[in-house]
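Student: I have a structure to look at before class, and I'd like to talk it through. Could we go over it together?

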Amino acid sequence: MIQKMIKLRPKIALYEPDIPQNTAAIIRICSCLGADLEIIEPCGFLFSDKRFKRVAMDYFDKNMIKFYQSYNKFFESKKNHRVILMTTKASVSYATFNFKADDTILFGRESAGVPKQVHNLVNNKLKIPMMNNKRSLNIASSVAIILAENLKQNKFVNHG
Ligand SMILES: C[S@@+](CC[C@H](N)C(=O)[O-])C[C@H]1O[C@@H](n2cnc3c(N)ncnc32)[C@H](O)[C@@H]1O
């Protein structure tokens with residue numbers, strides 16, 4: 001039973017990320033807080049990029065990331081898993097949502113979010129409420145907020 005609980009980790013999925021420093025900051029967040037990272041390609045930068053390396057430091061190991069060649073492949077693999085889309089266009093606040101320990105939480109591309117086809121494939125869409133007339137949070141900040149909420153609700157079972 002304890003072993004089963006240890007395997008249940010949230011998954012942070014990034015749709016075609018395009019800013020190396022953001023992905024690097026998210027790698028560090030996932031590594032420190034205990035989440036798996038998934039990337040839907042194409043990725044808008046190379047992992048050898050100096051800007052990426054400077055932020056990722058020794059938190060980066062390519063084996064820690066699961067890559068999907070397309071969003072179709074990503075959703076095929078999620079038939080038995082709940083996917084939650086984080087989007088400023090949602091009407092439901094994350095603060096009212098019951099997270100599961102193994103949810104996959106999908107974040108959009110920095111420049112454009114996710115396309116309509118991806119929106120249409122997800123039932124659970126959440127927002128982080130913001131002050132009026134603000135466009136969006138930085139993606140790494142929004143990952144930290146949502147991951148912390150998921151782990152808090154699931155009692156930080158794997159943490160020291
Ligand atoms: C910089 S934002 C993208 C902005 C983009 N122009 C758009 O319209 O979606 C990058 C990603 O961070 C997440 N995000 C940022 N602020 C958010 C918020 N207030 N609520 C939910 N998700 C948010 C979303 O997943 C978003 O796609």
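This is a predicted model: local features need pLDDT of at least 70, side-chain atom pairs count only at pLDDT 80 or more; totals for chains, interfaces and linings use all residues.

Student: OK, backbone then. Which residues does the cis peptide bond join?

Tutor: The cis peptide bond joins E41 and P42, and its omega is about 10 degrees. If you want to find P42 in the picture, look in the loop between β2, which covers 36-40, and α3, which covers 50-56.

Student: And which residue has a positive phi of about 70 degrees although it is not a glycine?

Tutor: That is N133, and you will find N133 in the loop between β7 (124-127) and α6 (139-153).

Student: Is N133 buried or exposed?

Tutor: N133 counts as exposed, because its relative accessibility is 79% and the cut-off for exposed is over 50%. A positive phi also turns up at F156, about 45 degrees in this case, and F156 is not a glycine either. F156 sits in the segment after α6, and with 34% relative accessibility F156 counts as partly exposed.

Student: Switching to salt bridges, how many are there?

Tutor: The count comes to 8 salt bridges. One of them brings together the side chains of K11 and D36, at 3.8 Å from N to O. K11 belongs to strand β1 (residues 11-15) and D36 to strand β2, so this pair ties together parts of the chain that are 25 residues apart in sequence.

Student: What other residue is in a network with K11 and D36?

Tutor: R9 is, as salt bridges that share partners join R9, K11 and D36 into one network.

Student: Which residue forms a salt bridge with K78?

Tutor: K78 pairs with E38, and their closest N and O atoms are 2.8 Å apart. This pair links distant parts of the chain, with K78 in the loop between α4 (71-76) and β4 and E38 in strand β2, 40 residues apart. Both K78 and E38 are buried.

Student: And what does the side chain of D103 meet in a salt bridge?

Tutor: The side chain of D103 meets that of R82, at 2.8 Å from N to O. D103 is in the loop between β5 (92-93) and β6 (104-107), while R82 is in the loop between α4 and β4, and the two residues are 21 apart in the chain. D103 has a relative accessible area of 0%, so it is buried, but R82 counts as partly exposed at 22%.

Student: What about the largest pocket, what volume does it have?

Tutor: The largest pocket has a volume of about 500 Å³. It is lined by 24 residues, and those nearest its centre are M86, T88, G113, S136 and L137. The elements that give two or more residues to this lining are β4 (83-86), β7 and α6. By class, the lining is made up of 10 nonpolar, 10 polar and 4 charged residues.

Student: Where is L137?

Tutor: L137 is in the loop between β7 and α6, and its relative accessible area of 37% is why it is called partly exposed. Together with M130 and I145, L137 also makes a nonpolar surface patch of about 210 Å².

Student: Last one, where does C32 lie?

Tutor: C32 lies in helix α2, which spans residues 20-33, and C32 is partly exposed because its relative accessible area is 47%. C32 and P10 are 22 residues apart in sequence, and their C-alpha atoms are 13 Å apart in space.

How values were computed:
Residues are numbered from 1 along each chain as its sequence is written. Side-chain values use heavy atoms; hydrogens and water are left out. Helices (H or I, at least four residues) and strands (E, at least two) are DSSP runs, numbered from the N terminus. Buried means under 20% relative accessible area, exposed over 50%, partly exposed in between (1.4 Å probe, protein chains only). Patches are made of residues with over 30% relative accessible area and no salt bridge: like charges are joined within 9 Å, nonpolar side chains (Val, Leu, Ile, Met, Phe, Trp, Tyr) within 5 Å. Accessible areas come from the Shrake-Rupley method with a 1.4 Å probe; for residues, only the protein chains shown count as cover. A salt bridge is a side-chain nitrogen of Lys or Arg within 4 Å of a carboxyl oxygen of Asp or Glu. On a 1 Å grid over the protein atoms alone, a cavity is a set of points where a 1.4 Å probe fits but cannot get out, and a pocket is an open set with protein on both sides within 12 Å along at least five of seven lines; lining residues have an atom within 4 Å of a point. Grid points are joined across faces, edges and corners, and a volume is the space filled by probe spheres set on the points. Ala, Val, Leu, Ile, Met, Phe, Trp, Tyr, Cys and Pro count as nonpolar, Asp, Glu, Lys and Arg as charged, and the others, Gly among them, as polar.
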